[in-house]
Amino acid sequence: MARLFMMVFIGLFGFGLGSSFDQSFDITWGNGRAKILGDGNLLTLSMDKASGSGFQSKNEYLYAKIDLQIKLVAGNSAGTVTTYYFSSLGPNHDEIDFEFLGNLSGQPYTLHTNVYAQGKGGREQQFHLWFDPTQDFHTYSILWNPHSIIFTVDGTPIREFKNLQSRGVQYPTSQPMRIYGSLWDAEEWATRGGLVKTDWSQAPFTASFRNFNALSCSNSCPANSWFSQSLDATAVQRMKMVQQNYMIYNYCNDHQRFPQGAPVECSFT
């Protein structure tokens with residue numbers, strides 16, 4: 001009876017998962033450089049000149065709201081990239097990205113976001129964070145539902161990508177995705193376009209993850225849940241303030257890249 005009640009509850013109200021890393025994720029590469037510690041409550045990724053490391057979720061998700069706290073590589077992190085993202089597989093894959101591009105000591109990280117649908121990406125927006133992401137853990141969240149994709153940092157929305165399929169814009173709607181995380185060397189492009197290389201004397205580089213939480217639905221979600229959530233007027237103003245003060249690149253404003261005019265979705269942001 002208890003099991004039946006739980007199945008009904010999940011089907012009606014969605015499934016919230018705040019479990020340990022060893023229950024939720026598999027370490028997939030790195031040859032021992034990724035570690036799950038503290039009774040499964042902390043996951044660390046490290047990178048040296050031989051290899052980086054990474055993990056992926058045990059579960060796939062078709063729409064979800066996920067939160068993860070991350071403390072990024074401290075010190076001279078130039079050339080390193082720490083990632084946290086949804087992705088399906090195949091040439092026509094969908095993907096929703098958080099990427100953190102390292103920098104020289106004292107210089108700000110670049111938070112890189114992107115959305116792929118049916119294999120097409122190129123929707124980059126980049127930000128400088130308004131705090132030092134190496135000194136403490138901060139919460140990075142992705143809400144993906146049929147209406148929009150919302151990126152938030154410590155509860156503050158920084159980007160919304162709306163479902164504009166009716167306008168001919170591809171949107172991830174049908175491919176279940178896993179959650180991935182990694183720490184890897186991208187010195188050819190990550191810091192100042194590759195002008196600043198990785199200082200391997202600072203290795204190993206380490207990023208830490210904790211407090212993973214996921215909300216998803218097995219069958220259906222109620223109308224007042226995250227599944228139908230969008231930004232209200234106050235949240236939109238908060239997002240615009242962040243974009244005005246901390247956004248350093250927006251593909252919608254890249255006239256060299258789009259000399260004939262910005263993509264359709266840019267008219268609706």
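**Close-up 1. The exposed and buried sides of helix α3.** Ala 233, Thr 234, Gln 237, Gln 244 and Asn 245 are exposed on one side of α3, where exposed stands for over 50% relative accessible area, buried for under 20% and partly exposed for values in between (1.4 Å probe, protein chains only). The buried residues of this helix are Ala 235, Val 236, Met 239 and Val 242. Because these cover an arc of only 120 degrees around the axis, they lie on the same side of α3, the arc being taken from the directions that lead from the helix axis to the C-beta atoms. The model is a predicted one, in which local features need pLDDT of at least 70 and side-chain atom pairs count only at pLDDT 80 or more, whereas totals for chains, interfaces and linings use all residues. Residues are numbered from 1 along each chain as its sequence is written, and side-chain values use heavy atoms, with hydrogens and water left out.

**Close-up 2. The cover and the start of helix α3.** Among the elements that cover the buried residues of α3 are β10 (125–128), β13 (156–162) and β16 (247–250); helices (H or I, at least four residues) and strands (E, at least two) are DSSP runs, numbered from the N terminus. At the start of α3, the backbone nitrogen of Thr 234 has a side-chain oxygen of Asp 232 within 3.2 Å.

**Close-up 3. Asn 250 in strand β16.** Asn 250, which belongs to strand β16, counts as buried because its relative accessibility is 15%. Leaving aside residues up to four places away in sequence, Asn 250 touches Glu 124 and Gln 125, a contact being heavy atoms within 4.5 Å. Although Asn 250 and Gln 125 are 125 residues apart along the chain, their C-alpha atoms are separated by 4.6 Å.

How values were computed:
Polar contact = N/O pair within 3.5 Å; in protein donor to acceptor, adjacent residues only side chain to side chain.
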